[in-house]
Amino acid sequence: MIAVIDYGAGNLFSVKNALDFLGQESVFTRDPAVLEQADGLILPGVGAFPDAMRMLEDAGLPSVIREQAGKKPFLGVCLGMQLLFDAGLEFGETPGLGLIPGRVVRIPTSLKIPHMGYNQLEWGVPSPLLEGLDEGSWVYFVHSYMAETAPAYVAAFCDYGARVPALVQRGQIFGAQFHPEKSGDTGLRILRNFCGLLEQSGKEGVKL
């Protein structure tokens with residue numbers, strides 16, 4: 001079972017609809033007991049970094065997320081991916097969850113912001129979420145900020161007048177800057193690959 005974390009800033013239903021299509025059991029929750037029992041976690045997100053972190057803190061979730069992310073497959077989507085990093089620089093500097101080293105900055109591009117629409121993936125380090133996909137696959141983005149992190153954590157990039165990390169990972173912790181649930185067959189394959197990791201849930205922790 002996948003717990004889709006409900007903290008008031010997520011695009012919950014489109015994620016759950018994609019999981020339902022794949023036949024994957026899932027539930028919306030902010031209950032720490034359910035998050036602990038789940039085989040995998042998804043953190044969605046839309047909006048601004050500081051608002052989302054405040055909502056997580058108001059729900060008492062950051063410490064629970066940090067603990068559980070080291071024990072089972074975890075996927076942050078869009079803003080949920082950005083929250084994985086040490087800090088975000090949107091409207092000033094806000095501490096993030098600190099699960100992947102780096103920070104989130106405005107995309108340094110002369111192209112139109114936000115970056116909205118389909119773009120192609122370029123491969124970085126190998127990732128189990130990309131198994132069965134070809135480099136150049138198209139996925140759907142809507143964002144104005146991007147992660148700054150070491151190449152060792154980046155499984156895929158896209159080009160938007162800057163080299164934008166599109167898929168990041170650290171152990172069992174993954175983050176997609178794009179929306180897999182809105183990215184057609186490619187996105188469904190990525191979610192299916194994530195679901196395939198659940199059977200290994202709990203066997204290996206991640207040292208943070």
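**View 1. The open sheet.** In this predicted model, eight strands form an open sheet with mixed pairing, in the order β2-β1-β3-β4-β14-β13-β12-β9. Two strands count as paired if DSSP finds at least two bridges between them. Helices (H or I, at least four residues) and strands (E, at least two) are DSSP runs, numbered from the N terminus. At the edges lie β2 (26-29) and β9 (122-123), each of which pairs on one side only. Helix α1 (residues 12-21) packs on the sheet and touches β1 (2-5), β2 and β3 (40-43), where contact means heavy atoms within 4.5 Å. The direction of α1 makes about 160° with that of β2; axes are lines fitted to C-alpha atoms, for helices over the stretch in contact, and angles run from 0 to 180 degrees between N-to-C directions.

Residues are numbered from 1 along each chain as its sequence is written. Local features need pLDDT of at least 70 and side-chain atom pairs count only at pLDDT 80 or more, while totals for chains, interfaces and linings use all residues; side-chain values use heavy atoms, without hydrogens and water.

**View 2. Strands β12 and β13.** Strand β12 (residues 154-159) pairs with strand β13 (residues 163-170) in the antiparallel sense, over five bridges. Val164 in β13 is the bridge partner of Cys158. Arg163 lies over the face of Phe157, at 3.8 Å from the ring centre; the rule requires NZ of Lys or CZ of Arg within 6 Å of the ring centre and within 35 degrees of the ring normal.

**View 3. Phe13 and Phe28.** Three aromatic pairs are counted in the model. Rings of Phe, Tyr and Trp (its six-membered ring) pair if their centres lie within 6.5 Å, with planes under 30 degrees apart called stacked, over 60 edge-to-face and the rest tilted. The ring centres of Phe13 and Phe28 are 5.2 Å apart and the planes stand at 85°, so this pair is edge-to-face. Phe13 belongs to helix α1 and Phe28 to strand β2, 15 residues apart. Phe13 is exposed at 61% relative accessibility, and Phe28 is partly exposed at 25% (buried, under 20% relative accessible area; exposed, over 50%; partly exposed, in between; 1.4 Å probe, protein chains only).

**View 4. Phe141 and Phe178.** With centres 5.8 Å apart and planes at 70°, these rings are also edge-to-face. Phe141 is in strand β10 (residues 138-143), and Phe178 is in the loop between β14 (173-176) and α6 (184-196), 37 residues away. Both Phe141 and Phe178 are buried.

**View 5. Asn193.** Asn193 is in helix α6 and is buried, with a relative accessible area of 12%. Apart from neighbours within four places in sequence, Asn193 contacts Pro128, Leu129, Leu130 and Glu131.
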